[in-house]
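Good morning, and thank you for coming. Please look at the structure on the screen, and I shall then take you through several of its parts.

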Amino acid sequence: MSVFMDLNVPFTDNHELLQQLIQTAAHLGYSTVAINYMFEPSAKNKQVPVPADISQLIGPLPLVQGRSRPIRVLHRLTVVVSDPAHFVTRANAEEYRPFNLLAVQLTSEKLFHAADRGVVFEVSYAAALRDSTRRRYTITNALSLMESCRGRGVILCSAAEQALELRGPYDVITLGVLFGLCDADSKDCVSSSCRSVLLHAETRRTANGIVSTRRREGAGPLGEAVSAKRAKVI
């Protein structure tokens, strides 16, 4: 059985609304959600937010529909920047460690050329439900992205600000097909691709990842690996 995830549920100080979002996600069959905090370093007097203890805000976590265990709630930080280089070098900074996931929302197109370098892009659908103009932009941008990255390295998330904006996993898979993905790739975007993002993020937090390299005679200097996201998950 597939494990479905929504890695972008915006944080809100309205505890009742946050509870509704998490309960609805569990009812729709999502096993994992990530509560997303926004941070813009360039803003004056802007401090990195501190993730809240969700169980203290909303009480016991709801059970996932069709499963006997409660929904898993993670913390995500999205940093808004124009140039990701400065952030990438600080991805392991102490103030970021309370977050399970780190993402970058770019205000430029500097990472689009890196679609073949392990970059993971996010497409969120909730804005498309709010009015026809946003729906047109969302579909157009998603089609362009899928064509650029050939459907690889993409996750589909809600960015839902209201519980009514959440859609079930299979509805999201149908949306992915509308965005130009085949059924299998679209399903991966809410399941296995999300799991890969979490595994990569866990490696960052625990520093248990190991890269083994072997130099052969005549080989040039080793290249550099980049993991990113639009919001780019690191």
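This is a predicted model: local features need pLDDT of at least 70, side-chain atom pairs count only at pLDDT 80 or more; totals for chains, interfaces and linings use all residues.

I begin with Ala159, which lies in the loop between E6 and H5. These labels follow DSSP runs, numbered from the N terminus: helices, marked H or I, have at least four residues, and strands, marked E, have at least two. Residues are numbered from 1 along each chain as its sequence is written, and side-chain values use heavy atoms, with hydrogens and water left out.

Most residues other than glycine have a negative phi. Ala159 counts as buried because its relative accessibility is 17%. Here buried means under 20% relative accessible area, exposed means over 50%, and partly exposed is in between, with a 1.4 Å probe and protein chains only.

Let us turn to the salt bridges. A salt bridge is a side-chain nitrogen of Lys or Arg within 4 Å of a carboxyl oxygen of Asp or Glu. How many does a search of the whole structure find? There are four. In one of them, the side chains of Arg76 and Glu122 meet at 2.7 Å, N to O. Arg76 belongs to strand E3 (residues 72–81) and Glu122 to strand E5 (residues 121–124), so this pair ties together parts that are 46 residues apart in sequence. Both Arg76 and Glu122 are buried.

Arg130 forms a salt bridge with Glu161 at 3.9 Å, N to O. Because Arg130 lies in the loop between E5 and helix H4 (132–149), and Glu161 in the loop between strand E6 (154–157) and helix H5 (169–178), the pair ties together parts 31 residues apart in sequence. Arg130, at 30% relative accessibility, counts as partly exposed, and Glu161, at 46%, counts as partly exposed as well.

Arg130 also meets Glu165 in a salt bridge of 2.9 Å, N to O. Glu165 is in the loop between E6 and H5, 35 residues from Arg130. Is Glu165 buried or exposed? At 12% relative accessibility, Glu165 counts as buried. Through shared partners, salt bridges join Arg130, Glu161 and Glu165 into one network.

Next comes strand E3, the strand of Arg76. Nine of its ten residues are buried, so E3 is largely enclosed by the rest of the structure. Two strands pair if DSSP finds at least two bridges between them. Strand E2 (residues 30–39) pairs with E3 in the parallel sense over eight bridges, and Thr32 has Arg72 in E3 as its bridge partner. E3 also pairs with strand E4 (residues 101–106), again in the parallel sense, over six bridges. There, the partner of Arg76 in E4 is Leu101.
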